[in-house]
Amino acid sequence: MLILLIASLALVFYVWQRRTYSYWQRHGIKSIKPVPILGNLRTFLTGKVPFFEQISLLHNTPGYEKEPLIGVYLLRGPGVIVRDLELIKTVMIKKFNYFVNRALSTDPHRDPIGYNNMFIVRNPEWKMIRNKLSPVFTSGKIKQMYPLMVEIGKDLELTLEKVPVDSAIRIKDTCARFTTDLIATTAFGVKANSLKNIKSEFFKHNVAIFEISWLRALDIGIIFLLPALASLARVKFFSKKSSEFIYKTVTYVLSEREKSGLHRNDLIDILLALKREAAEKGENMTKELDFLVAQAAVFQTAGFETSSSTMSLTLYELALNTELQDRLREEVKQYFGDEDHISYERIQEMPYLTQVVNETLRKYPIVGYAERECSQPESGEKFTLEPYYDFEVPSGMPFYISTLAIHRDEKYWPDPEKYDPERFAPENRHNINMDAYMPFGIGPRNCIGMRLGLLQSKLGLVHLFRNHRVIQCDKTIKSINFSAKCPVMASDVDIYLQLIRD
Ligand code: HEM
């Protein structure tokens, strides 16, 4: 009986798998041959590379160089890798109304912080949230926050002064402390003191959000790759500990702000206005608090890891290319002059700093890929893959764009492995195709924090280079391998650099 049962199950599985894995062939679309069970995600699912690198490997599959798109098989079923820049613009901008959602989801009932946050939330809620929170990120609002940011820049200088002369430091740790303090003050109006206090609670919790145990990896895997199972598997985007910490922080900050009546024009002010609006409408306040905490949570996570990686990878490349570093330091010293900071307007004008940060994000587009899910309307015109294929895309089909592969494609970026800020020099601008540059994604659902992310990375770099330079030491790695455990770009081992007072 048992043998018969196993044989029947194996047969059902075989037939199901054959049918699933012939989907693209049946529709006449060029696709990559999958392996049983793992589809086209073998390298990722066996823990060898992070997801964004797997998408890049699929984009670069030999023999597919001229394809505008490739059919692939993920755990959830068929998906599309979009290679052609025009088709990317069609999906992300021109036909955005078919691609408003990301291809991921979490459990709506048991994971309100994950489900409601701006990164994951689906339309129509996404549009409402994005419209309400966009005012936090205007140039005017960021300018008002700038003095608070400069304070953290000065804290960074003080911290570096205390480092014993010419010692090797773990550069990511320093940068992560800097961006944690920045987000805490700009978004929440609290002093996290991660730079000053090595044992800062806020920093400990912030880092923990990105630490992935096997159990967390399973939850995140389901959210990204099997979203249909999210409710059944009761997954959570943030761990229990992280959620508790974020809840505690936000409720504390909201109540303090309400008591003091202070206005800081920051995220908390906007969240409080939303809270008042909900109370006037008589909405369920527990649900409302979940919603407010979810937005704060995404700013905290999206804001700290991305900018600290941008800073540390810039420092790494400049330690390897000392003449580029000398040129940047000259500019930094010139812009500081006799002042203790560079003004909001002047830091944006620094030409070489801008070239350097642009080139870091070209070689290391921190998020690595972008994704969207197709939603077809019930009636009216449907989205098809014309002019490439006569194929009406079904609702729910995920589309992936490998930013990493495009940023390192020699067709757009000659000698792509070379770190060369000259690519972005004004005289070379006409040589570059800016459609092949998308570190912050593209279209209406691109990164809402782009201005803030660029500004905080630049601010950290100028305060670090004001009195210090970085060089390679015995412990410095020769090249970067991406960590398979981190969802965004990070080195798999610590990057040590020697800090020289100068
Ligand atoms: C150098 C720093 C940063 C980089 C490289 C970066 C990159 C990205 C990318 C690639 C996306 C996906 C875009 C797409 O799908 O088209 C994204 C989305 C997002 N980012 Fe950033 N980011 C940075 C900093 C920040 C900061 C400082 C914040 C907020 C404080 C932030 C908040 C967000 C949010 C909320 C989303 C989701 C937007 C939506 O779905 O409407 N990011 N980011």
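Reply: Let's start with a rule: two strands pair if DSSP finds at least two bridges between them. Helices (H or I, at least four residues) and strands (E, at least two) are DSSP runs, numbered from the N terminus. The model above is predicted, with local features needing pLDDT of at least 70 and side-chain atom pairs pLDDT 80 or more, while totals for chains, interfaces and linings use all residues. Residues count from 1 along each chain as its sequence is written, and side-chain values use heavy atoms, without hydrogens or water.

Me: How many bridges join strand 4 to strand 5?

Reply: There are 5 bridges, and these two strands run antiparallel. Strand 5 covers residues 398-402. To find a pair of residues across from each other, pick Glu 371, which stands opposite Tyr 400 in strand 5.

Me: What is the order of the open sheet of 3 strands?

Reply: That order is 3-7-6, and the pairing is antiparallel. Strand 3 pairs with strand 7 (residues 496-501) over 3 bridges in the antiparallel sense. Look for Arg 170 and you will find Tyr 496 of strand 7 opposite.

Me: Now for the ligand. Which residue is the protein donor of its iron atom?

Reply: A donor is an N, O or S atom within 2.8 Å of the metal (3.2 Å for Na, K and Ca); water is not among the atoms, so sites may look incomplete. In this model the only protein donor of the iron atom is Cys 447, through SG, at 2.3 Å. Cys 447 sits in the loop between helix 18 (403-407) and helix 19 (450-467).

Me: How many residues surround the ligand?

Reply: The count is 26 (each with a heavy atom within 4 Å of the ligand). The closest are Arg 102, Trp 126, Arg 130, Arg 445 and Cys 447. Helix 14 (285-320), helix 7 (125-133) and helix 19 are the elements that give two or more residues to this shell. Helix 14 gives the most, with 6 residues.

Me: Last topic, the backbone. Which residues does a cis peptide bond join?

Reply: Most residues other than glycine have a negative phi, and most peptide bonds are trans. Here a cis bond joins Asn 123 and Pro 124, with omega about 0°, and Pro 124 belongs to the loop between helix 6 (112-116) and helix 7. Glu 386 and Pro 387 are also joined by a cis bond, with omega about 0°; Pro 387 lies in the loop between strand 4 and strand 5.

Me: And what is the phi of Asn 193?

Reply: Its phi is near 55°, a positive value in a residue other than glycine. You will find Asn 193 in the loop between helix 9 (171-188) and helix 10 (201-209).
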